[in-house]
Amino acid sequence: MTYELLQQLEINRAAFAHNVKTFRSLLKPGCRMMAVVKSNAYGHGLLPVAELAGAAGVDALGVNSLEEGVRLREAGCRLPCIILGYTLRQDLGEAVRLELEPVLYNPESLEQLQREAVRYHRRAVFHLKLETGVHRQGVMEKDMDGFLDLLQRMDRTDLQSVSMHFANIEDTTDHSFARHQLDNFLRLHGRVTARLGRRPALQAACTAAALLFPETHFDMIRTGIGIYGLWPSKETYLSALLLQQHPPVLKPVLSWKTRVAQLKEVPAGEFVGYGCTFRATHALRLAVLPVGYYDGYDRRLSGTGYVLAGGVRAPVLGRVCMNMIMVDVTHVPAVRLEDEVVLLGSQNGDRVSAEDLAGLCHTINYEMVSRLGAHIPRRVV
Ligand SMILES: *Cc1c(COP(=O)(O)O)cnc(C)c1O
């Protein structure tokens, strides 16, 4: 039996390929490109995006957790895969077995990785995160020599790259802190090279750094938001405009669509939704849509969001419910029962962007897309 879906996310293959190509064109020969597919590929769907990334020729995938890496391997994905978040020591064996490359910063983890490499008769590749100013993950400078001395005694582990992450590159057009971090990183990398007697690869750039600072590209860039066709922030776009007249064009990959579940006339004076927060000042035609905050339609869009119905904007009336919203279609008589409605994406030349919705929710496009429910079917178009 087949049935139609109440909602779906469409992943645009051509837009994704365009974005990957755009980043590639910024890179020097030999610089590799990681597609960051953590958090269900920023809500776009881990497995479909991993497949598109492979087809688009990325060199590696970046996940947050072992669990995401396992899902990739179980789906047959053979690309190099780096676990950017934390891996429990008890799970490092599974990482070695599946050739998932952890990012390490605790000496305890390195010792465990060595034991697992011995157990699996393998060499275990890993990446070393250095603390350069974000104070998230990373080895502190004062602990670095100790970590490296330990590493010299671990004969089954391969340090493939040292990495850093920028703290303040998306949120400002003042990049002095980013430069300060970069200086730290280069200095620390110099010390690693001197102590080990060889030069590990360097990895630093997220999307904003990749777009704005070619000197951060080094051996591999780690691009997340940009490959989904979204700019990290207004400030990043502005910085790109200041640096070059024609910043790269990124194409949004995702559209979110649903269908009209009911149409009704609401007389003047009647209320709409929980809490009676909206009251009709005049007779309305209202459409009920089968999506809500459970699906990732943020409750902060209550009374502020809008969708595209019949090719024009239809405002959300009253509160967003768990599985429903109500929108005003008084001005679009053409809208019929079960017509397609666009929650994110374009219709008839107008567009609802992740940035528009993020602005209404006082958050960033990253959160808007990454919180789209994992249960919503993703379809590559
Ligand atoms: C998420 C993440 C990225 C990707 O950042 P974007 O701004 O989405 O490009 C890169 N590196 C690390 C360590 C991350 O956690």
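This is a predicted model: local features need pLDDT of at least 70, side-chain atom pairs count only at pLDDT 80 or more; totals for chains, interfaces and linings use all residues.
Let's start with the ligand.

Where do they come from?

Which side chains meet an oxygen atom of the ligand? T207 does, with a side-chain N or O atom 2.5 Å from a ligand oxygen. Y366 does too, and there the distance from a side-chain N or O atom to a ligand oxygen is 2.7 Å. G224 uses its backbone: a polar backbone atom sits 2.9 Å from an oxygen of the ligand. How much of the ligand gets covered? Taken alone, the ligand exposes 390 Å². The protein buries 94% of that.

Next, the second largest pocket. Its volume is about 160 Å³. The lining includes E4, L5 and L6. R259, V260 and A261 also line this pocket. So do P290, L337 and E338. By class, the lining has six nonpolar residues, three charged and no polar ones.

Last topic: aromatic rings. How many aromatic pairs does the structure hold? Seven. Take F16 and Y228. Their ring centres are 6.3 Å apart, and their planes stand at 55 degrees. Why is the pair called tilted? Stacked needs planes under 30 degrees apart and edge-to-face needs over 60, so at 55 degrees the F16 and Y228 pair counts as tilted.

What does this pair connect? F16 lies in helix 1, residues 13–26. Y228 is in the loop between strand 9 and helix 10, the latter being residues 234–243. The pair therefore ties together parts that are 212 residues apart in sequence.

Conventions:
Residues are numbered from 1 along each chain as its sequence is written. Side-chain values use heavy atoms; hydrogens and water are left out. On a 1 Å grid over the protein atoms alone, a cavity is a set of points where a 1.4 Å probe fits but cannot get out, and a pocket is an open set with protein on both sides within 12 Å along at least five of seven lines; lining residues have an atom within 4 Å of a point. Grid points are joined across faces, edges and corners, and a volume is the space filled by probe spheres set on the points. Ala, Val, Leu, Ile, Met, Phe, Trp, Tyr, Cys and Pro count as nonpolar, Asp, Glu, Lys and Arg as charged, and the others, Gly among them, as polar. A polar contact is a pair of N or O atoms within 3.5 Å; within protein, one must be able to donate a hydrogen and the other to accept it, and residues adjacent in sequence count only if both atoms are side-chain atoms. Accessible areas come from the Shrake-Rupley method with a 1.4 Å probe; for residues, only the protein chains shown count as cover. Rings of Phe, Tyr and Trp (its six-membered ring) pair if their centres lie within 6.5 Å; planes under 30 degrees apart count as stacked, over 60 as edge-to-face and the rest as tilted. Helices (H or I, at least four residues) and strands (E, at least two) are DSSP runs, numbered from the N terminus.
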